Amino acid sequence: MARRRQLYEGKAKVLFEGPEPGTLVQYFKDDATAANGTKKGIITGKGVLNNRISEYLMTRLSEMGVPTHFIRRLNMREQLIREVEIVPLELVVRNVAAGSLSTRLGIKEGTRLPRSIVEYYYKNDQLQDPFVSEEHITCFGWASTQDLDDMVALALRINDFLSGLFLGVGIVLVDFKVEFGRLYENDEMRIVLADEVSPDNCRLWDVNTGEKMDKDRFRRDLGRVEEGYQEVARRLGILPEAGARDMKGPEAMQ
């Protein structure tokens, strides 16, 4: 088991120092949180599935010209990624009314929106990731107008591609959250897709039955959470080759 210096631990992933300068190792945990971290639990094998699903989707997006931090999958729970400066924003792209949008605006869940909506949230756990406007973002220097334009353009490209990809396997992409980072190379900076793309940050419904196949099964105590993630992986043709409890996390150096 590798000994690496741990740099950061979040709700669902741990970041370790990478083997080369400018790289990190991203480890996927089975931990699950909801309601701004007040609800916690374990989804057995989630880390394994999210690693594979995110690898597949990041690779496909890269092939479509979307720049990402992903380099390659190392094993069942780890990826090698480029080190980026995370922009402290979450962009949520909504195609169908669900979750907080339905609650805030009183729109019945499942209502198809006239067009896709992009929302901004400030990444701050203590403040519970508040909803913010472009004015807030540029005023407080979280991102420049150009950065924001780049992120919105990428988010919409990601939405167009993933909506078609998921629809092809009988899944509706209801909404999803993405994060971006600033990648510095040769004195140049570009915005790239970071974090992950998985059932942890996508709402995915069966196109015929409307059955939820994402973390809402955990949020809403619907049961069979693991089966929802497995079904997404199965439809994408990427079920892992080993069991869910295959690997412990790397040993962190003190």
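**Note on the predicted model**

1. The protein chain exposes about 12,500 Å², of which carbon and sulfur atoms supply 48%. This is a predicted model, and every value in this note should be read as computed from that prediction.

2. On overall form, the C-alpha trace of the protein chain spans about 50 × 45 × 35 Å along its principal axes. A compact globule of 254 residues would have a radius of gyration near 18 Å, and because the protein chain has 18 Å, the two agree. Of these 254 residues, 51% count as buried.

3. The secondary structure of the protein chain consists of six helices and 15 strands. When contacts between residues at least 6 apart in sequence are considered, 60% of them join residues at least 24 apart.

4. Helix α1, which covers residues 46-63, has 18 residues and reaches 25 Å from its first C-alpha to its last, a span close to the 26 Å expected at 1.5 Å a residue. Since 13 of its 18 residues are buried, α1 is largely enclosed by the rest of the structure. After α1 comes Gly-65, and the phi of this glycine is positive, near 95°.

5. The largest nonpolar core has 48 residues, and those with the most contacts inside it are Leu-89, Leu-91, Met-151, Leu-162, Phe-166, Phe-180 and Leu-193. Helix α4 (residues 145-167) contributes the largest share of this core, namely ten residues. As background, nonpolar side chains in soluble globular proteins tend to be buried together.

6. Leaving aside its neighbours within four places in sequence, Phe-166 is in contact with Leu-57, Ile-171, Leu-173, Leu-204, Val-232 and Leu-236.

7. What does the side chain of Glu-179 meet through a polar contact? The partner is the side chain of Lys-123, and the polar contact that joins the two is 3.4 Å. Once neighbours within four places in sequence are set aside, the residues in contact with Glu-179 are Ile-86, Leu-89, Glu-90, Lys-123, Val-192, Leu-193, Ala-194 and Asp-195.

Key:
Residues numbered from 1 in each chain as written. Predicted model: local features only at pLDDT ≥ 70, side-chain atom pairs only at ≥ 80, totals over all residues. Heavy atoms only, no water. Polar contact = N/O pair within 3.5 Å; in protein donor to acceptor, adjacent residues only side chain to side chain. Contact = heavy atoms within 4.5 Å. Helix = DSSP H or I, 4+ residues; strand = E, 2+ residues; numbered from the N terminus. Expected span 1.5 Å × (residues − 1). Buried < 20%, exposed > 50% of the residue type's maximum accessible area, 1.4 Å probe, protein only. Core = buried A, V, L, I, M, F, W, Y, C linked by side-chain atoms within 4.5 Å. Rg over C-alpha atoms; globule rule 2.2 N^0.38 Å. Areas by Shrake-Rupley, 256 points an atom, 1.4 Å probe, with all protein chains shown as cover.
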